[in-house]
Amino acid sequence: MKNNKIRIYGAGGHADVVKDIFIENGFDITDVYDDNYSVNLKNSTGPGVRNNEVEFPHKGSKVVIALGVNKHRCEISKLLKTTFGN
């Protein structure tokens with residue numbers, strides 16, 4: 001059976017589009033993390049890795065980094081100790 005659980009890193013406009021695509025394709029979004037957690041509280045389930053690298057849940061479902069700025073995606077990918085989805 002295919003594992004259709006995914007976590008999304010980002011809770012802004014770009015992430016909304018990515019999230020919709022995953023949902024349309026039968027994925028279950030388990031968590032949404034954002035570095036601006038206090039601003040995007042209604043769209044995210046937890047703070048991002050920049051807020052607390054030690055306590056960030058690195059283990060779990062695969063993560064898709066859904067940030068619109070390439071530089072930010074690269075920075076986050078270096079901080080995450082997880083497997084990535086696509």
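Ring pairs link Tyr9, Tyr33 and Phe56 into a cluster, where rings of Phe, Tyr and Trp (its six-membered ring) pair if their centres lie within 6.5 Å, and planes under 30 degrees apart count as stacked, over 60 as edge-to-face and the rest as tilted. A search of the whole structure finds 3 aromatic pairs. In the pair of Phe22 and Phe27 the ring centres are 4.9 Å apart and the planes stand at 85 degrees, so this pair is edge-to-face.

The model is predicted, so that local features need pLDDT of at least 70 and side-chain atom pairs count only at pLDDT 80 or more, whereas totals for chains, interfaces and linings use all residues. Residues are numbered from 1 along each chain as its sequence is written, and side-chain values use heavy atoms, with hydrogens and water left out.

Both Phe22, with a relative accessible area of 8%, and Phe27, at 19%, are buried, a term that means under 20% relative accessible area, with exposed over 50% and partly exposed in between (1.4 Å probe, protein chains only). Phe22 and Phe27 also belong to the largest nonpolar core, which has 11 residues in all, including Ile6, Ile8, Val18 and Val64; such a core is a set of buried Ala, Val, Leu, Ile, Met, Phe, Trp, Tyr and Cys residues joined through side-chain atoms within 4.5 Å. Strand E1 (5-9), helix H1 (13-24) and strand E2 (28-34) each supply at least two residues of this core, and H1 gives the most, with 3 residues. Helices (H or I, at least four residues) and strands (E, at least two) are DSSP runs, numbered from the N terminus. Another core, of 9 residues, lies apart from the largest one and has Phe56, Val63, Ile65 and Ile76 among its members.

The sheet is open and is formed by 4 strands in the order E3-E2-E1-E4, with parallel pairing; two strands pair if DSSP finds at least two bridges between them. Strand E3 (46-47) and E4 are the edge strands, each pairing on one side only. Because 4 of the 5 residues of E1 are buried, E1 is largely enclosed by the rest of the structure. The bridges of E1 to its two partners are set out below.

| Partner of E1 | Bridges and sense | A residue pair |
|---|---|---|
| E2 | 5 bridges, parallel | Lys5 opposite Asp28 |

Ile8 of the largest core has Val64 as its bridge partner in E4.
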